[in-house]
Amino acid sequence: DGLESAEELHRSLWDSRGLLVHLDLEYVNFDYPWLAYTSPKHCFEQQKPVREALSRILKEYAIFPLWVLSGRGYHLIWRIPARSPAYWRLVALGSVSPWLEGWYRSAGVREPEQVGQAFSGLGRLLEYFGQRLLEESQGWVPLCLTEGIPGNGYAGREMISLDLSAFADPLDKRVLRIPYSFSPKACRFSRYLPPLPNWPWPGLLSHPLRPNENGEPDEMWDPARCARRAREVSTKIPDHSAGTLRLIQDYESSALRRFHQDYHRVEPCPPQHWQASYDHFSD
């Protein structure tokens with residue numbers, strides 16, 4: 001239905017059956033933001049070293065997520081069921097402020113303290129994963145966690161972002177675009193750019209993007225091919241709680257874990273004090 005109506009469809013990151021792990025890898029260009037859509041071959045070639053390093057690290061932990069191809073990158077998704085050993089370890093790693101716990105209660109989150117702590121612990125774990133990725137990926141375009149403005153490169157100020165910003169927001173505020181629905185981002189730059197389908201790509205590293213005679217990845221621009229794939233490829237989100245547990249064990253012995261422990265010993269200011277604290281810059 002999404003392919004027929006060219007609609008943008010989402011699901012919440014908040015899941016009643018556990019946690020959804022979401023890694024958002026994308027090409028960003030601050031000077032030419034449309035470049036990912038007008039020159040997709042350039043966009044995806046710049047991501048290749050990061051993509052390969054990311055896949056290599058996940059393979060160490062026997063984590064093989066659902067890969068979803070988007071207009072300018074990839075979404076990697078897997079599941080950690082509630083009550084699994086990995087889930088309880090994340091609960092122990094995380095923390096939730098009284099203000100945020102109250103937010104979750106008002107949003108209807110069941111067991112808000114437990115769910116909030118698990119989501120918080122997952123965010124800290126993925127920061128550790130991101131630091132490993134920074135150490136192990138080497139490409140021409142800089143890699144940043146979320147978005148930092150880089151220096152000028154071959155095609156302006158371009159970068160590859162591993163966007164972890166979802167884990168800085170309340171769980172109920174973030175969504176995932178559903179496979180086989182459309183992303184309208186390209187249309188914001190030109191009415192001649194089509195909305196692009198988001199679709200799963202099994203065996204991604206063994207079957208790289210195949211450019212056509214114009215240097216563009218055929219499948220990305222062809223909803224008909226995407227529709228055919230929808231009949232063949234499952235979008236079931238895999239359970240990789242066992243591999244995640246091994247990743248948690250490495251994080252627990254890391255310097256970043258010790259930093260997180262020290263940092264989160266200090267309670268944050270409540271929102272009513274932000275104007276005089278976080279929003280205030282002293283000379």
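Modeller: This is a predicted model. One aromatic cluster is formed by F44, W67 and Y74. A search of the whole structure finds nine aromatic pairs.

Biologist: Why is the aromatic pair of W99 and W103 called tilted?

Modeller: The ring centres of W99 and W103 are 5.8 Å apart and the planes make 40°. W99 and W103 both belong to helix 5 (residues 98–107), four residues apart, about one turn of the helix.

Biologist: What makes W99 partly exposed?

Modeller: Its relative accessible area is 42%, and partly exposed lies between the 20% limit for buried and the 50% limit for exposed. W103, at 29%, is partly exposed as well.

Biologist: How do you know that the pair of Y128 and Y251 is tilted?

Modeller: Their ring centres are 5.8 Å apart and their planes stand at 55°, so the pair is tilted. Y128 lies in helix 6 (residues 112–136) and Y251 in helix 8 (residues 241–252), so the pair ties together parts 123 residues apart in sequence. Both Y128 and Y251 are buried.

Biologist: What makes strand 5 and strand 10 edges of the sheet?

Modeller: Six strands form an open sheet of mixed pairing, in the order 5-6-2-4-3-10. Strand 5 (143–145) and strand 10 (199–200) each have a single partner strand, so one side of each is left without a neighbour in the sheet.

How values were computed: Residues numbered from 1 in each chain as written. Predicted model: local features only at pLDDT ≥ 70, side-chain atom pairs only at ≥ 80, totals over all residues. Heavy atoms only, no water. Phe/Tyr/Trp six-rings, centres within 6.5 Å; stacked < 30°, edge-to-face > 60°. Helix = DSSP H or I, 4+ residues; strand = E, 2+ residues; numbered from the N terminus. Buried < 20%, exposed > 50% of the residue type's maximum accessible area, 1.4 Å probe, protein only. Pairing = 2+ DSSP bridges.
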